[in-house]
Structure formats: structure tokens, C-alpha cells
Amino acid sequence: MAFILFSAFGPDFSASTFVSKHGLKTDSTWSKGKPLRSGNLHKDAGFSLNFDEVQTTNEVVPLIETFLKESQGWLADLREQPVVRLLHLGVTVGEESSFVPCLEFCVSFLKLLVDERIELHVSAYPTNDTDE
């Protein structure tokens, strides 16, 4: 199973204005100076978009490529904003269907991320954290 999250954030970013202007359906939008759950304050403003979960890692790259293609208009505007653009991929490990999952990124996919100035972070999450 894989999880995909796109986020954009920066200290001088008007996230709510950007989201409203482009009619984005975000999963989260935050403002600089607003409280976090921890009690600290946000140091920046931003938004995040969660993708639907996918069952296999083979679905990850095509899904992201489709997202980038369908989002070209607002991504072009986002490139002009003072923000970090981040794509976070999380994969589960330890299940029979994904005991040792592999994500393969071809050069053209990586170039697409570079052209959009999108950072890529990949994490693995155990499906079971108990000792057996």
C-alpha cells in the first residue's frame, strides 16, 4: 500500500488566498502564527492535498504524473510563490503483498519533479510494530 501527500508551504505564503483563487480542495490549510496541536505556532503558511491510497507501488508514478498534468495551471502559479513544494510518498512494508516494496523513478519522472521544483520524500511504515 502507498500513501501520497502533496504540500506547499512558506513563511511569506498566503495559502488561503492561493487555495481560494484556484478552487483547490485541500485536506489541510494552515496560517503562519496559528497554533499547532503541540501548542507551538506555525512558522509558515501552507496547504496539503492527500491522494487516494493505492494498493501497489506500481500505481504511484502514473498517479502522480496524472496529478501533475491535470494541475498544470495552478502549479505554474505556485512556481512563482515563495514556497517549498513537497511530494511525500509513504509505503507500507511487511505485508504479504508488499513485504519489500520498491518504488522505481525513471529519469523523465524525476525531471518532471525538478521542472516543477517539487521535492520528493519517501518513507516506509511497518504494517505491524509488534515483535512476533
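At 11% relative accessibility, glutamate 116 is classed as buried, the classes being buried under 20% relative accessible area, exposed over 50% and partly exposed in between (1.4 Å probe, protein chains only). The structure is a predicted model, in which local features need pLDDT of at least 70 and side-chain atom pairs count only at pLDDT 80 or more, whereas totals for chains, interfaces and linings use all residues. Residues are numbered from 1 along each chain as its sequence is written, and side-chain values use heavy atoms, with hydrogens and water left out.

The pLDDT, the predictor's confidence in each residue on a scale from 0 to 100, averages 88 over the protein chain, and 92% of the residues score at least 70. Among the elements of the chain, helix 1 has the highest mean pLDDT (95) and strand 5 the lowest (89). Helices (H or I, at least four residues) and strands (E, at least two) are DSSP runs, numbered from the N terminus.

Three salt bridges were counted, a salt bridge being a side-chain nitrogen of Lys or Arg within 4 Å of a carboxyl oxygen of Asp or Glu. In one of these, the side chain of glutamate 116 meets that of arginine 79 (2.5 Å, N to O). Glutamate 116 lies in the loop between helix 4 (107-115) and strand 5 (118-126), and arginine 79 lies in helix 3, so the pair ties together parts that are 37 residues apart in sequence. Arginine 79 is partly exposed, with a relative accessible area of 24%.

A salt bridge is also formed by the side chains of aspartate 77 and lysine 21 (3.1 Å, N to O). This pair links distant parts of the chain, with aspartate 77 in helix 3 (residues 72-79) and lysine 21 in helix 1 (residues 15-22), 56 residues apart. Aspartate 77 is buried, at a relative accessible area of 18%, whereas lysine 21 is exposed, at 60%.

Aspartate 115 and lysine 111 also form a salt bridge, their closest N and O atoms being 2.9 Å apart. These two residues are four apart in helix 4 and are therefore separated by about one helical turn. Both members are partly exposed, aspartate 115 with a relative accessible area of 41% and lysine 111 with 49%.

Strand 3 (residues 45-50) has five of its six residues buried, so it is largely enclosed by the rest of the structure. Strands were taken as paired if DSSP finds at least two bridges between them. Strand 1 (residues 2-10) runs antiparallel to strand 3 and is joined to it by six bridges; phenylalanine 6 has leucine 49 of strand 3 as its bridge partner. Strand 2 (residues 28-30) is likewise antiparallel to strand 3, with three bridges between them, and tryptophan 30 stands opposite glycine 46 in strand 3.

Tryptophan 74 touches Phe6, Phe18, His22, Leu24, Phe47, Leu49 and Phe67, residues up to four places away in sequence not being counted; contact here means heavy atoms within 4.5 Å.
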